[in-house]
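Below is a set of questions and answers for someone meeting this structure for the first time. Please look over the sequence and the model before reading on.

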Amino acid sequence: MKQPTFNTDRLTLRPFSRDDAENVQRLAGRKQIASKTIPIPHPYELHMAYEWIGTHNQLFEKGEVVNFAVTHRLEKYLVGCVGLNINKKYEMAELGYWIGIEYWGNGYCTEASKKVLEYGFETLNLNRIFAYHFGSNPASGRVMEKIGMKYEGFLRQAIKKWGKFEDSVVYGVLKSDLN
Ligand SMILES: CC(C)(COP(=O)(O)OP(=O)(O)OC[C@H]1O[C@@H](n2cnc3c(N)ncnc32)[C@H](O)[C@@H]1OP(=O)(O)O)[C@@H](O)C(=O)NCCC(=O)NCCS
């Protein structure tokens, strides 16, 4: 099975290719991105972007992860990434995303994530999609609310990032919530 490509009003969501590596490094390499996420390293070297993109096909084929390059629909440039970490056994997935700083506040994350939720429920047949954000990252929580996720809980000091404990806030949505 090949990873699909989707269009929304303003965006195209497509698989990453090696050609995206420099832009991934430039956008995801900013400290403000790494500081709000668990897996993104800082500094972010170019080889890390190549390695990360190089994992995508196999993880998609195994049904474990799907990452979409979020690009501007008309002008084609990379805006960010939205993905799902899939747990097939429990028919659920964790949603994750980042958007390049220069593109924040345009509703891009909301627009792309809505499409990825639709894909998760309708094509991957998931039952539940959830997401976590740091307590210090209310913008991400706002995205979760805007895409129809419900607040499920607040995990005090659940993560240690760069030597500092961070609260973790969890949101979730069920397929039946959207019917
Ligand atoms: C979180 C992130 C993906 C949002 O991307 P985006 O494209 O700017 O998101 P959107 O424009 O769709 O929505 C952002 C919402 O947050 C709101 N917001 C921004 N800063 C906020 C703040 N400090 N407090 C509360 N809400 C805030 C915006 O006003 C907007 O809501 P609105 O449409 O009701 O006005 C982006 O900031 C990012 O990549 N951050 C770093 C990485 C990250 O946090 N990833 C997620 C880890 S859980």
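Q: Is phenylalanine 6 buried or exposed?
A: The model is a predicted one, and in it phenylalanine 6 lies in strand β1, which covers residues 6–7. Residues count as buried under 20% relative accessible area, and phenylalanine 6 has a relative accessible area of 17%, so phenylalanine 6 is buried.

Q: Which residues touch the most other members of the largest nonpolar core?
A: In soluble globular proteins, nonpolar side chains tend to be buried together. The largest nonpolar core here has 49 residues, and its largest share, 7 residues, comes from helix α4, which spans residues 108–122. The members that touch the most others are Leu13, Val24, Leu84, Leu95, Trp98, Ile129 and Met149.

Q: What is the relative accessible area of serine 113?
A: Serine 113 lies in helix α4. Leaving aside neighbours within four places in sequence, serine 113 is in contact with Val82, Leu95, Tyr97, Val143 and Ile147. Serine 113 is buried, and its relative accessible area is 0%.

Q: Which elements are included in what covers the buried residues of α3?
A: Helix α3 runs over residues 46–61, and its buried residues are Ala49, Ile53, His56 and Phe60. Just after α3 comes glycine 63, which takes a positive phi of about 75°. The cover over the buried residues of α3 includes α1 (21–28), β3 (65–72) and α4.

Q: Is proline 15 buried or partly exposed?
A: Proline 15 is found in the loop between β2 (11–14) and α1, and, not counting residues up to four places away in sequence, proline 15 touches Gln3, Pro4, Thr5, Asp20, Asn67 and Ala69. Its C-alpha atom is separated by 9.2 Å from that of isoleucine 53, which is 38 residues away along the chain. Because the relative accessible area of proline 15 is 27%, proline 15 is partly exposed.

Q: How far from an oxygen atom of the ligand is an N or O atom in the side chain of lysine 146?
A: The ligand is surrounded by 23 residues, and the closest are Gly105, Thr110, Asn137, Arg142 and Lys146. A polar backbone atom of cysteine 109 is 3.1 Å from a ligand oxygen atom, while a polar side-chain atom of tryptophan 104 lies 3.5 Å from a ligand oxygen atom. For the side chain of lysine 146, the distance from an N or O atom to an oxygen atom of the ligand is 2.6 Å.

Q: How much of the accessible area that the ligand has on its own does the protein cover?
A: On its own, the ligand has 970 Å² of accessible area. Of this area, the part that the protein covers is 71%.

Terms used
Residues are numbered from 1 along each chain as its sequence is written. This is a predicted model: local features need pLDDT of at least 70, side-chain atom pairs count only at pLDDT 80 or more; totals for chains, interfaces and linings use all residues. Side-chain values use heavy atoms; hydrogens and water are left out. A nonpolar core is a set of buried Ala, Val, Leu, Ile, Met, Phe, Trp, Tyr and Cys residues joined through side-chain atoms within 4.5 Å. Buried means under 20% relative accessible area, exposed over 50%, partly exposed in between (1.4 Å probe, protein chains only). Helices (H or I, at least four residues) and strands (E, at least two) are DSSP runs, numbered from the N terminus. A residue is near a molecule or strand if one of its heavy atoms lies within 4 Å of it. A polar contact is a pair of N or O atoms within 3.5 Å; within protein, one must be able to donate a hydrogen and the other to accept it, and residues adjacent in sequence count only if both atoms are side-chain atoms. Accessible areas come from the Shrake-Rupley method with a 1.4 Å probe; for residues, only the protein chains shown count as cover. Contact means heavy atoms within 4.5 Å.
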